[in-house]
Amino acid sequence: MDTLLEYVGVILGVGLFFELAGGLLVFFGYRVKIGATFLAIYLFFATLLFFPFWFYEGEQLSTNLVAFLKNLSIFGGIFLLYARNSSRGSISMLSDDM
């Protein structure tokens, strides 16, 4: 039976692609919705894999829960970025209506 350890290289490559492609698209303001979607997909799976607080107790529970909630707040920021229908650059986008 196959284990996830046999596919670590593939999983790492796919995760690296989603993180880098999404980050670069958002940074340069080109196809921001696609970039935000890539980042959301990456963050969803990374959060579930790296911070499973429901398996821990005590100090490990609180540490993993804080990291999980931090990533959840980043996920909310990605949704705000996605909701902002803009094809302008990401830096100018942040300072327009504030």
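The side chain of T47 makes a polar contact with the side chain of N71 at 3.0 Å, a polar contact being a pair of N or O atoms within 3.5 Å in which, within protein, one must be able to donate a hydrogen and the other to accept it, with residues adjacent in sequence counted only if both atoms are side-chain atoms. This is a predicted model, in which local features need pLDDT of at least 70, side-chain atom pairs count only at pLDDT 80 or more, and totals for chains, interfaces and linings use all residues. Residues are numbered from 1 along each chain as its sequence is written, and side-chain values use heavy atoms, with hydrogens and water left out.

T47 lies in helix α2, helices being DSSP runs of H or I with at least four residues, numbered from the N terminus. The side chain of T47 also reaches the backbone oxygen of L43, at 2.7 Å. Because its relative accessibility is 7%, T47 counts as buried, a term that means under 20% relative accessible area with a 1.4 Å probe and protein chains only.

On the side of α3, the buried residues are N64, A67, F68, N71, F75, I78 and L81. The 26 residues of α3 should span 38 Å at 1.5 Å a residue, and its end C-alpha atoms are 37 Å apart, which agrees; the expected span is 1.5 Å times one less than the number of residues.

The largest nonpolar core has nine residues, V26, V32, A36, L39, A40, L43, F75, I78 and L81, where such a core is a set of buried Ala, Val, Leu, Ile, Met, Phe, Trp, Tyr and Cys residues joined through side-chain atoms within 4.5 Å. Its largest share, five residues, comes from α2.

Definitions and conventions. Buried < 20%, exposed > 50% of the residue type's maximum accessible area, 1.4 Å probe, protein only. Helix = DSSP H or I, 4+ residues; strand = E, 2+ residues; numbered from the N terminus.
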